[in-house]
Amino acid sequence: VPTEAVLDPASIATVADNLLRFTDDIAVDEWAECEQARTRSAASRGYYSVLLAVKRRVLALDPDFDFPTRGVHGTVRIAVGRSLGERSFLFQSLRILWDARVHADYDLVGTVSLKSAEDYVDRALDALSGVGGLTDADVRKIAQKILAVKVERERS
Amino acid sequence: VPGGDIFFTVAAGRVVTPHDIQDLLTARAETLGAHRYGELTLVNVGGEGEDASGDAEILQTVFAIASDVFDNPGIESSVIQDDPDDSYLRVSIAVPHEDRASFRQRRREFDLAISRSLTDEQLNRAIVIVTRAD
């Protein structure tokens, strides 16, 4: 892990899960009234926890790794698919969570229910376990593919 | 369907086949004489230039797996096209299921079955999402 890293991506998933609970410190009515903001935030945070966990693993092997500044979401997702396989749970979860995140962050219409938000968070937690279980060799492959996809995208 | 949506509800009976869905895509929903439990909603499957029959085959496979793993799954699908050159089939499944932990386990089984059953091309085309229904 890079020495300057202060953000633990898994903690984002913890925050996401707790967005879906009531706490003694927040007025019940106030918390209930912002349910859509909480469920959408949880779905979005779930996605980011996984994306950042992958980035963190890559940076742990190469602290100077040069991620693309534009299109990093698609680049990382494609790289994971090409290195681990498109049938891998991690790749499919990144696609699903990305789709959920786009809706949660940008759509003003439609809802993200409490149950579906919980299920997205659970998927993120499962995917985080998957990221934790990657070998260094897996992560190196992902890093190589990220660079390859980055070059492809710059050329196109 | 280009220019319009088709919605239908199916009840207990037989498996919905690609042929049934194809009938719907040609707006002949009345030819679907038999049914299966659950609710299946098709939204704009196969927009202009899309391979509707390919999408129908994906939906048939996903629906069959969902029905094996879950009770009374509801399916909704749509073609998402953010980029003129790129689109994907979003298949969203809502399952009437209360318990979060047991659903999570079932969802893992479902993910595995989907991964094993769809072809590479189908997996690339579709994003299959399953969550609990409200």
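So, the largest nonpolar core has 43 residues. By nonpolar core I mean buried Ala, Val, Leu, Ile, Met, Phe, Trp, Tyr and Cys residues joined through side-chain atoms within 4.5 Å, and buried is under 20% relative accessible area, with a 1.4 Å probe and protein chains only. The residues with the most contacts inside this core are A:Val50, A:Val58, A:Val76, A:Val80, A:Leu90 and A:Ile146. Among the elements that each supply at least two of its residues are α3 of chain A and β5 (126-132) of chain B. The largest share, nine residues, comes from α3(A).

Quick caveats: this is a predicted model, local features need pLDDT of at least 70, side-chain atom pairs count only at pLDDT 80 or more, and totals for chains, interfaces and linings use all residues. Side-chain values use heavy atoms, without hydrogens and water, residues are numbered from 1 along each chain as written, and chains are lettered from A and ligands numbered from 1 in the order written.

There's a second, separate core too, with 22 residues, including B:Phe110 and B:Ile114.

Back to A:Leu90. Leaving aside neighbours within four places in sequence, A:Leu90 is in contact (heavy atoms within 4.5 Å) with A:Val50, A:Val54, A:Val80, A:Leu84, A:Ala127, A:Val131 and A:Leu134. As for α5(A), 13 of its 18 residues are buried.

Now, how do α3(A) and α7(A) pack? At an angle of about 100 degrees, axes 9 Å apart, the axes being lines fitted to C-alpha atoms over the stretch in contact, with angles from 0 to 180 degrees between N-to-C directions. The two helices are therefore roughly perpendicular, a label covering 65 to 115 degrees. On the α3(A) side, the contact is made by A:Val54, A:Arg57, A:Val58 and A:Leu61.

Conventions: Helices (H or I, at least four residues) and strands (E, at least two) are DSSP runs, numbered from the N terminus. Angles under 35 degrees count as roughly parallel, over 145 as roughly antiparallel, 65 to 115 as roughly perpendicular and the rest as oblique. Buried means under 20% relative accessible area, exposed over 50%, partly exposed in between (1.4 Å probe, protein chains only).
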